[in-house]
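These are my notebook entries on one protein chain. I set down what I looked up, entry by entry.

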Amino acid sequence: MLTLSILGFLNEEPLHAYDLRTRISGLSGHVRPVSDGALYPAINRLRKAGHVSRHAEPGKSAVPRQVLSLTDSGREEFLRRLREPAEVEITDRNSFLVLLAFLGALPDPADQARVLRRRLAFMEQPASYFYDDGRPLRAADMTDRFRRGMLTIAAATSRADATWLRKTLAELEQEAAG
């Protein structure tokens, strides 16, 4: 999730690491705050892989700012990650939302639709937080009001996700048909 966020925001424009961290925190910080201890090692891994470059630009004071940019290889890696997301980026809601934040960067609507179809297929599988002999339990099965609430909220969210996915897939298919 962090790597995709770094590549995604740098795909939009070169950024100072502080600005990058602020954007990433805005996208996912409410769930997983981004620390310097996670961000800088991730940036360094991407630099070593040749996906990100760093250069100095004049700062507001006499000290130059170190600005990060996406390289051609980084752009290719970014687009590959969007076209072929890891399973967790499809099944984990927060990871999927990060993926979704950048999916519009894929130039081919067919690639976008393939990713959305994977998410929809996952959403259509029976699932729950609680099971009885392998059977997913629903809100109506719960006697505990808080677990019932948890499952009610999850069901509503899942319905909203599936509705949006179907609508967007129909739009993409209509655009492809011309």
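Entry 1, the sheet. I began with strand S1 (residues 15-16), which is joined to S3 by two bridges, the two strands running antiparallel. The model is predicted, so I note that local features need pLDDT of at least 70 and side-chain atom pairs count only at pLDDT 80 or more, while totals for chains, interfaces and linings use all residues. Residues are numbered from 1 along each chain as its sequence is written, and side-chain values use heavy atoms, with hydrogens and water left out. Helices (H or I, at least four residues) and strands (E, at least two) are DSSP runs, numbered from the N terminus. Two strands pair if DSSP finds at least two bridges between them.

The three strands form an open sheet in the order S1-S3-S2, with antiparallel pairing. S1 and S2 are the edge strands, each pairing on one side only.

I recorded 12 residues for H4 and a reach of 17 Å from its first C-alpha to its last, close to the 16 Å expected at 1.5 Å a residue. The expected span is 1.5 Å times one less than the number of residues. Gly 74, Glu 77, Phe 78, Leu 79 and Leu 82 are buried in H4. Buried means under 20% relative accessible area, exposed over 50%, and partly exposed in between (1.4 Å probe, protein chains only). The cover over the buried residues of H4 includes H1, S3, H6 and H7.

I also looked up Arg 75, which has its place in helix H4. Arg 75 counts as partly exposed because its relative accessibility is 32%. Not counting residues up to four places away in sequence, Arg 75 touches Asn 11 and Leu 70; contact here means heavy atoms within 4.5 Å. Arg 75 and Pro 85 are 10 residues apart in sequence and 15 Å apart in space, C-alpha to C-alpha.

Helix H7 (residues 109-123) has 15 residues and reaches 21 Å from its first C-alpha to its last, close to the 21 Å expected at 1.5 Å a residue. Asp 108 caps its N-terminal end, with a side-chain oxygen 2.9 Å from the backbone nitrogen of Ala 110. I listed the buried residues of H7 as Asp 111, Gln 112, Ala 113, Val 115, Leu 116, Arg 119, Leu 120 and Met 123. They pack against helix H4 (72-83), helix H5 (87-91), helix H6 (93-102) and helix H8 (145-177).

Is Asp 111 buried or exposed? Asp 111 is buried because its relative accessible area is 12%. Leaving aside neighbours within four places in sequence, Asp 111 is in contact with Arg 83 and Leu 106. Asp 111 and Leu 82 are 29 residues apart in sequence and 8.5 Å apart in space, C-alpha to C-alpha.

A nonpolar core is a set of buried Ala, Val, Leu, Ile, Met, Phe, Trp, Tyr and Cys residues joined through side-chain atoms within 4.5 Å. The largest such core has 36 residues, and Ile 6, Leu 20 and Leu 82 have the most contacts inside it. At least two residues of this core come from each of helix H1 (2-12), helix H2 (17-28), helix H3 (36-48), strand S3 (65-70), H4, H6, H7 and H8. Domain 1 (1-84) and domain 2 (108-177) each give this core at least three residues; the domain bounds come from an automatic or database domain assignment. The C-alpha centres of the two domains lie 31 Å apart.

Leaving aside neighbours within four places in sequence, Leu 82 is in contact with Leu 4, Leu 99, Phe 102, Leu 103, Ala 105, Leu 106 and Val 115.

Asp 133 is found in the loop between strand S4 (131-132) and strand S5 (135-136). Asp 133 has a positive phi of about 55 degrees although it is not a glycine. Most residues other than glycine have a negative phi. I noted Asp 133 as exposed, with a relative accessible area of 82%.

Key: Polar contact = N/O pair within 3.5 Å; in protein donor to acceptor, adjacent residues only side chain to side chain.
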